[in-house]
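Welcome! Take a moment to look over the model below, and then let us walk through it together.

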Amino acid sequence: MTSVPQKTIKAAITAVGGFVPDDILTNFDLEKMVDTSDEWIMSRTGIKERRILKDPSKGTSFLAIEAARDVLSKTDTAPEEIDMLILATITPDMKVAATAAKVATDIGAINAFAFDLQAACSGFLYSMSLAAAKIESGHCNKVLVVGADKMSSIVDYSDRTTCIIFGDGAGAVLMEVSSNSYGWEDDFFRSSGVGQDYLHVKAGGSLFPTSSYTLAKGWESIYQDGKTVFKYAVSEMAAATQKVLERNKLDPEMVDYVIAHQANKRILDATQTRANLNKKKFLTNIEHYGNTTAATLPLLMRDFENQFKIGDKLLFTAFGGGFTWGSALYTWAY
Ligand code: UT7
């Protein structure tokens, strides 16, 4: 196992923001669309409602730009000062032309280089780790990390196994050189191609380009084998959090907050039990937004930011399509 990195420069989150569209899709709305019930959805997932970007003329960039502007409005940072912008997403505006480039240009980040990162539900955590490394190495001073997904664009609203789970949203953080000794401490990431069979949008890529056949098969929509994904998610998130705690010589009790990907309330409960983490420390907002893929972690931080105090230990964890997963240890810096 690699050791905990010794850092002379630390990267810190200095502002958090987010955006969700106004339109709400409740469990009761879904009851009218597919054979399901509020009771089933609540007991199996903990989700009550999700937000949907209904305007067909707007893509993920719209959500990302709103979240990025929200972050910038909370700082003294001018957009021209941003060195790098990473957009974690699985629903880019277009297959070619990085959505991140559009976001950077629209917010006025004219000195940034920008790219999309596709690691599904782990995308935001992977992106924060890369941002931290670029800052720690001295290559960047200020990085905007955005997680945004218009999941409604790849959900089949006649498939009750997926349409109840996902929602649209965006969140973002500004990361920069820490002005104190707090910030990004350590992380652990892994991935496994076995996940391709269990969670995917099969068509629209180079293997199965969109055709009348793929459309007829419904391969442009998200598919998941929920039970298998559930098992992998729990065991890998629990193992990753334990690894990070172990090598930083921390007991689970020393963690102040767990910021875990909001995939399913039962996954969170099972991960908490398996990793021996305190339930009260798990923050959740899945009830209101569902699974917003790359946006769940920053939206959680946005919703609970007022509770965080300088020096608080945050333990991040995520799991997503690929499979991709990991955990990170972070000390709140403001
Ligand atoms: O973000 C990372 C990726 N995603 C995840 O982490 C999600 C992981 N998986 C899950 O969250 C859960 O597996 C689900 C919420 C998707 C499903 O919950 P489950 O407890 O694993 O249910 P199941 O798939 O085992 O289905 C149980 C039953 C089935 O009926 P039978 O075969 O027992 O008669 C399903 O057909 O529930 C049925 N079912 C539903 N019933 C009412 C499936 N979806 C629904 C529904 N409403 N929406």
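Two residues are in contact here when heavy atoms of theirs lie within 4.5 Å. Among contacts in the chain between residues at least 6 apart in sequence, 77% join residues at least 24 apart. Please keep in mind that this is a predicted model.

**The whole chain**

Let us begin with the overall picture. The chain holds 10 helices and 13 strands. Its 334 residues would give a radius of gyration near 20 Å if they formed a compact globule, and the chain has 19 Å, so the two agree. Along the principal axes, the C-alpha atoms fill a box of roughly 55 × 45 × 35 Å. Of the 334 residues, 54% count as buried. The accessible surface of the chain is about 14,300 Å², and 51% of that surface belongs to carbon and sulfur atoms.

In general, the strands of a sheet pair through backbone hydrogen bonds, either parallel or antiparallel.

Here are the strands with their residue ranges:

| Strand | Residues |
|---|---|
| Strand 12 | 313–320 |

Strand 11 pairs with strand 12 in the parallel sense, over 4 bridges. For alanine 260, the bridge partner in strand 12 is threonine 317.

**Helix 5, an enclosed helix**

Now turn to helix 5, which covers residues 123–136. From its first C-alpha to its last, helix 5 reaches 20 Å, close to the 20 Å expected for its 14 residues at 1.5 Å a residue. Why is helix 5 described as largely enclosed by the rest of the structure? The reason is that 10 of its 14 residues are buried, where buried means under 20% relative accessible area. Among them are Phe124, Leu125, Tyr126, Met128 and Ile135, and the buried residues also include Gly123, Ser127 and Ser129. Just after helix 5, glycine 138 takes a positive phi of about 85°.

Technical notes
Residues numbered from 1 in each chain as written. Predicted model: local features only at pLDDT ≥ 70, side-chain atom pairs only at ≥ 80, totals over all residues. Heavy atoms only, no water. Helix = DSSP H or I, 4+ residues; strand = E, 2+ residues; numbered from the N terminus. Expected span 1.5 Å × (residues − 1). Buried < 20%, exposed > 50% of the residue type's maximum accessible area, 1.4 Å probe, protein only. Pairing = 2+ DSSP bridges. Rg over C-alpha atoms; globule rule 2.2 N^0.38 Å. Areas by Shrake-Rupley, 256 points an atom, 1.4 Å probe, with all protein chains shown as cover.
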